[in-house]
Amino acid sequence: MHELSVCQGLLRQVKQIALEHRATAVEKIYLQIGPLAGVEPALLQAAFPIASADSLAAQAQMVIRAMPIRVHCRRCHADTEASLNNLTCADCGDWETELLSGDELLIERIEMQTPQ
Ligand SMILES: [Zn+2]
């Protein structure tokens, strides 16, 4: 499962951040995922308990924020929302657009327990 290795990669970053803060446990992991990231959020959620077992994040909850797809139009310079199957400009319909967001797979924020 592709999502399991993605999850393991994310948990390596989480572990690094937790170590930097001397955290004793990770409580919540907030992720930003765009529709073009190539990751199915439901499968990522399903993979999380497997990937996080025996780690600082074993009890953590994963919160996924779905990001919109936004494109910039090279013709009319509008920034508009687009969909997975249609990346054309919503204003003028031109197909020469640049992706502004929608392919992110990021750790937005982590809540953790740290020593007092
Ligand atoms: Zn346009």
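**Figure 1. The zinc ion sits in a tetrahedral site in this predicted model.** The angles among the four donor atoms of the zinc ion run from 106 to 116°. Which residues hold the zinc ion? It is coordinated through the SG atoms of Cys-73, Cys-76, Cys-89 and Cys-92, at 2.3 Å. Along the chain, these donors of the zinc ion follow the spacing C-x2-C-x12-C-x2-C.

**Figure 2. Cys-73 and Cys-92 link distant parts of the chain.** Here we stay with two of the cysteines that coordinate the zinc ion. Cys-73 belongs to strand β3, residues 69-73. Cys-92 is in the loop between β4 (79-82) and β5 (97-101). The two residues are 19 residues apart. Is Cys-73 buried or exposed? Cys-73 counts as buried because its relative accessibility is 0%, and the cut-off for buried is under 20%. Cys-92 has a relative accessibility of 30%, so Cys-92 counts as partly exposed.

**Figure 3. Strand β1 pairs with strand β6 and with strand β2.** Begin with β1, which covers residues 25-33, and β6, which covers residues 105-113. How many bridges join β1 and β6? There are eight bridges, and the two strands pair in the antiparallel sense. With β2 (residues 61-66), β1 pairs in the parallel sense, over six bridges.

**Figure 4. Ile-33 has a bridge partner in β6 and stands opposite a residue of β2.** In β6, the partner of Ile-33 is Leu-105. In β2, the residue opposite Ile-33 is Ala-66. Another place to look is Leu-31, whose bridge partner in β2 is Ile-64.

**Figure 5. Arg-109 lies over the face of Tyr-30.** How far is Arg-109 from the ring centre of Tyr-30? The distance is 4.1 Å. As for pairs of aromatic rings, the structure holds zero of them.

**Figure 6. Glu-111 of strand β6 has its C-alpha 6.5 Å from that of Ile-29.** In sequence, Glu-111 and Ile-29 are 82 residues apart. Why does Glu-111 count as partly exposed? Its relative accessibility is 28%, and partly exposed covers values between the buried cut-off of 20% and the exposed cut-off of 50%.

**Figure 7. Leu-11 and Arg-12 are both placed in helix α1.** Helix α1 takes in residues 2-20. Leu-11 has 11% relative accessibility, so Leu-11 counts as buried. What about Arg-12, buried or exposed? Arg-12 is counted as exposed because its relative accessibility is 58%.

**Figure 8. Val-26 is a buried residue of strand β1.** Val-26 counts as buried because its relative accessibility is 2%.

**Figure 9. Arg-22 and Asp-54 have a positive phi.** Arg-22 is not a glycine, yet its phi is about 50°. Where is Arg-22 found? Its place is in the loop between α1 and β1. Arg-22 is exposed because its relative accessible area is 66%. Asp-54 has a phi near 60°. It is found in the loop between α2 and β2. With a relative accessible area of 84%, Asp-54 is therefore exposed as well.

Technical notes
Residues numbered from 1 in each chain as written. Predicted model: local features only at pLDDT ≥ 70, side-chain atom pairs only at ≥ 80, totals over all residues. Heavy atoms only, no water. Phe/Tyr/Trp six-rings, centres within 6.5 Å; stacked < 30°, edge-to-face > 60°. Lys NZ or Arg CZ within 6 Å of the ring centre and 35° of its normal. Donors = N, O, S within 2.8 Å, 3.2 Å for Na, K, Ca; no water. Tetrahedral: all angles 85-135°; square planar, octahedral: opposite > 155°, others 65-115°. Helix = DSSP H or I, 4+ residues; strand = E, 2+ residues; numbered from the N terminus. Buried < 20%, exposed > 50% of the residue type's maximum accessible area, 1.4 Å probe, protein only. Pairing = 2+ DSSP bridges.
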